[in-house]
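Please look over the sequence and the structure before reading on.

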Amino acid sequence: MPARMTEDVAALLHRGTVIPAHPLALDADRRLDERRQRALTRYYMDAGAGGLAVGVHTTQFALREHGLLRTVLELAAEEAAKRAEGRPVVRIAGVCGPVRQAVAEAETARELGYDAVLVSPAGLPEVDLDGLLDRTAAIGEVLPVIGFYLQEAVGGRYLPRSYWRRLADQESTVAVKAAPFDRYRTLELVQGIAESDRGPEVALYTGNDDNIVDDLLTPFHVHGPGGPVVRHFVGGLLGHWAVWTRSAGRLLADVHAARAGDAAARERALARLAGDTDANAAVYDVRNAFAGVIAGVHEVLRQQGLLDGVWCLDSAESLSPGQREEIARVRGLYPWLGEEDGFIADRLARWLT
């Protein structure tokens, strides 16, 4: 029997919300900085995030090799529970690896109170599509599943339309995150989900950090089993939303209002399209093929005082030349990003206590 979400959490996930991919706070010795790890979760919750994704790419997949997965999942779950104040929060744990590892990670997440798992296809080049789907079905016996289209630059692979239809056919699949950073592949994902009889039960979340506004505003006219249908990305599960999270909430509110017919809200959202892409290019280090993607997220949080440095588990992973200056440039250029600084400064001392 596939695992199920509670009704309130499932309703929130399908309505659409802001889900930041949670970073990993380290000290100068590259050990977990628990105080700042908790402060990050407090920031996301107070900024209005409707969920958290922990143990995912932005958290650094290598945390498993360092024995940190359970601890980091537990810290985020504890802080989210304290600050939820009765509102539903979608707690998502990343799982990866072969079937046995992925199922064991899902069991840990279930034990810690998580609602769903984001299933990474990375690191399994020898596994064919049938094997990936069998793996997902096994994980789905433990917790509901969010499928993940990961871009190739950080370990993903091509997944055809048929894969997404078959994934949506699995009763445990509740959502998918589209992050191929490719319009053709994003469309194929939407088409595949729509072709499934279960398509309406699978929420679409953008993970295309380079094209967030366009994904959220586009009505995808595709075909389902009964004929033409229109699908929308209802929210985002994004590494980019690990920074400027309160601003992301305002954007998503405008998108939802625009979809309900508010022309002014649509114009506000469209006005952010180029700026948000520019900001993502700086944070994700696009000029250097994403080499500084994790460190870039850390650098924004460091400049805001939430992190003490940009240290990653891999000592070779850091900012690229000029990336720090690019991040400072976009922070000063776009008002909706700069406004986050005051929000953080007013609360930082409490978050760090």
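Cys 312 is buried, with a relative accessible area of 0%; buried means under 20% relative accessible area, exposed over 50%, and partly exposed in between (1.4 Å probe, protein chains only). The structure is a predicted model, in which local features need pLDDT of at least 70 and side-chain atom pairs count only at pLDDT 80 or more, while totals for chains, interfaces and linings use all residues. Residues are numbered from 1 along each chain as its sequence is written, and side-chain values use heavy atoms, with hydrogens and water left out.

**Cysteines**

Cys 96 is buried as well, at a relative accessible area of 10%. The sulfur of Cys 96 lies 17 Å from the closest cysteine sulfur, that of Cys 312, which is too far for a bond. A disulfide is taken here as a pair of cysteine sulfur atoms within 2.5 Å, and the structure holds 0 of them.

**Overall form**

The protein chain has 14 helices and 10 strands; helices (H or I, at least four residues) and strands (E, at least two) are DSSP runs, numbered from the N terminus. The radius of gyration is 19 Å, close to the 20 Å given by the globule rule for 353 residues, so the chain is as compact as a globular protein of that length. This radius is taken over C-alpha atoms, and the rule is 2.2 Å times the number of residues to the power 0.38. Along the principal axes, the C-alpha atoms fill a box of roughly 50 × 50 × 40 Å.

Of the 353 residues, 59% count as buried. Among contacts (heavy atoms within 4.5 Å) with a separation of 6 or more, 77% come from residues 24 or more positions apart. The accessible surface is about 13,800 Å², and 51% of it belongs to carbon and sulfur atoms; the areas come from the Shrake-Rupley method with a 1.4 Å probe.
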